[in-house]
Amino acid sequence: MSDTTHFGFRSVPLADKQRRVDDVFDRVARRYDLMNDLMSGGLHRAWKEALVAKLRPPKTRPFALLDVAGGTGDIAFRTVAAGGANVSATVADINGEMLAVGRARAQERGLDVEFVEANAEALPFADKRFDAVTIAFGIRNMPRIEAALAEMYRVLKPGGRFLCLEFSRVDVPGLDALYELYSFNVIPELGRLVVGDSEPYRYLVESIRRFPDRETFAGMMRKAGFARVAATPMSGGIVALHSGWRL
Ligand SMILES: C[S@@+](CC[C@H](N)C(=O)[O-])C[C@H]1O[C@@H](n2cnc3c(N)ncnc32)[C@H](O)[C@@H]1O
């Protein structure tokens with residue numbers, strides 16, 4: 001029997017998931033940044049800002065960041081802007097369309113960010129190469145989350161920090177019902193209006209529901225080797241920022 005996993009609420013063969021995820025991001029890439037602003041009411045900017053604030057890129061010393069599933073470059077751009085001249089950022093993403101949008105944005109802004117087409121489950125980088133590794137709204141798309149965590153640990157220097165921003169579980173009474181209604185009704189409709197397709201956004205909402213809760217994901221990080229693992233819920237638990245260190 002072949003291994004199965006979930007693509008949104010659907011059970012699919014493990015080998016099929018990546019192709020389906022790639023298809024989602026092929027379809028949304030051109031409108032990805034606009035849709036993020038519309039769907040989150042601009043909140044995704046504050047969540048990403050919180051990640052970069054926690055990362056605290058240094059002002060003087062050299063610092064190399066790898067942003068996995070970095071898509072159109074938000075985390076990399078913010079990190080380079082927040083740090084000094086010796087801060088460099090590499091975006092790794094499996095999707096060429098998302099990377100193309102990111103490269104064009106970097107060029108527009110005159111930012112020196114490297115974009116690399118790569119699968120998070122088999123990163124094309126040497127062991128212990130990066131001072132920090134981040135992933136924002138990417139890990140839930142991975143067919144093999146454990147493999148991606150192991151790879152991100154492998155390329156991180158000892159003493160380096162891993163930060164993961166991901167949708168989580170709303171734990172504020174009242175907000176949970178409202179969020180549920182918004183997610184399953186408003187978001188796919190927004191997708192239909194802006195991208196001309198509601199399916200990618202149905203996947204988005206379903207994949208959020210399937211992603212493990214904060215404690216379970218913290219356990220997966222520990223199992224991958226990360227130490228001092230901590231989770232910070234934000235916006236009533238809509239998202240969580242997980243932090244861990246390679247010691
Ligand atoms: C929701 S987007 C997040 C983009 C960006 N990090 C942000 O926060 O705006 C998810 C990204 O994960 C990427 N992705 C999905 N599976 C991947 C994999 N196996 N390896 C690397 N990137 C992957 C997609 O191509 C997409 O760009």
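A crossing counts as left-handed if the near helix is turned anticlockwise from the far one by less than a right angle, and as right-handed if clockwise. Keep that handy for the first exercise.

This is a predicted model, so local features need pLDDT of at least 70, side-chain atom pairs count only at pLDDT 80 or more, and totals for chains, interfaces and linings use all residues. Residues are numbered from 1 along each chain as its sequence is written, and side-chain values use heavy atoms, with hydrogens and water left out.

**Exercise 1. Describe how α1 packs on α8.**

Start with the labels: helices (H or I, at least four residues) and strands (E, at least two) are DSSP runs, numbered from the N terminus. Axes are lines fitted to C-alpha atoms, for helices over the stretch in contact, and angles run from 0 to 180 degrees between N-to-C directions.

Step 1: get the geometry. The axes of α1 and α8 sit 9 Å apart, at an angle of about 125 degrees. That makes α1 oblique to α8. The cut-offs: under 35 degrees is roughly parallel, over 145 roughly antiparallel, 65 to 115 roughly perpendicular, and the rest oblique.

Step 2: The crossing of α1 and α8 is left-handed.

Step 3: list who touches whom, taking contact as heavy atoms within 4.5 Å. From α1 come Lys17, Val21, Val24, Arg27 and Val28, and they meet Glu199, Pro200, Tyr201 and Tyr203 of α8. Sorted by class, this α1 and α8 contact has six nonpolar, no polar and three charged residues. The classes go like this: Ala, Val, Leu, Ile, Met, Phe, Trp, Tyr, Cys and Pro are nonpolar, Asp, Glu, Lys and Arg are charged, and the others, Gly among them, are polar.

**Exercise 2. Now do α7 against α8.**

Step 1: geometry again. Helix α7 (residues 175-194) and helix α8 (residues 199-210) have axes that come within 8 Å and cross at roughly 155 degrees. That makes α7 roughly antiparallel to α8.

Step 2: the contact. On the α7 side you'll find Tyr179, Glu180, Ser183, Phe184, Ile187, Pro188 and Gly191, which meet Tyr201, Arg202, Leu204, Val205, Glu206, Ile208 and Arg209 in α8. The class tally for α7 with α8 is eight nonpolar, two polar and four charged residues.

**Exercise 3. Which elements line the two largest pockets?**

Rules first. On a 1 Å grid over the protein atoms alone, a cavity is a set of points where a 1.4 Å probe fits but cannot get out; a pocket is an open set with protein on both sides within 12 Å along at least five of seven lines; lining residues have an atom within 4 Å of a point. Grid points are joined across faces, edges and corners, and a volume is the space filled by probe spheres set on the points.

Step 1: the largest pocket holds about 450 Å³. Its lining has 27 residues, with Met39, Phe167, Ile187, Leu204 and Ile208 nearest the centre. α1 (14-28), α2 (32-40), α3 (43-55), α7 and α8 each supply at least two lining residues. By class, the lining of the largest pocket splits into 21 nonpolar, four polar and two charged.

Step 2: the second largest pocket comes to about 310 Å³. It has 17 lining residues, and Thr5, Lys17, Met142, Pro143 and Ile145 are the closest to its centre. Two or more residues each come from β1 (4-7), α1, α6 (145-154) and α8. β1 has the largest share, three residues. This lining has seven nonpolar, five polar and five charged residues.

**Exercise 4. How many cavities of 30 Å³ or more are there, and what lines the largest cavity?**

Step 1: the count is two.

Step 2: the largest cavity has a volume of about 370 Å³. It is lined by 30 residues, the closest to its centre being Ala69, Gly70, Gly71, Asp93 and Gly138. α1, β3 (63-68), α4 (74-82) and β4 (87-93) give two or more residues each, and α1 gives the most, with four.

Step 3: take another look at Ala69. This residue is in the loop between β3 and α4, and its phi is positive, about 55 degrees, although it is not a glycine.
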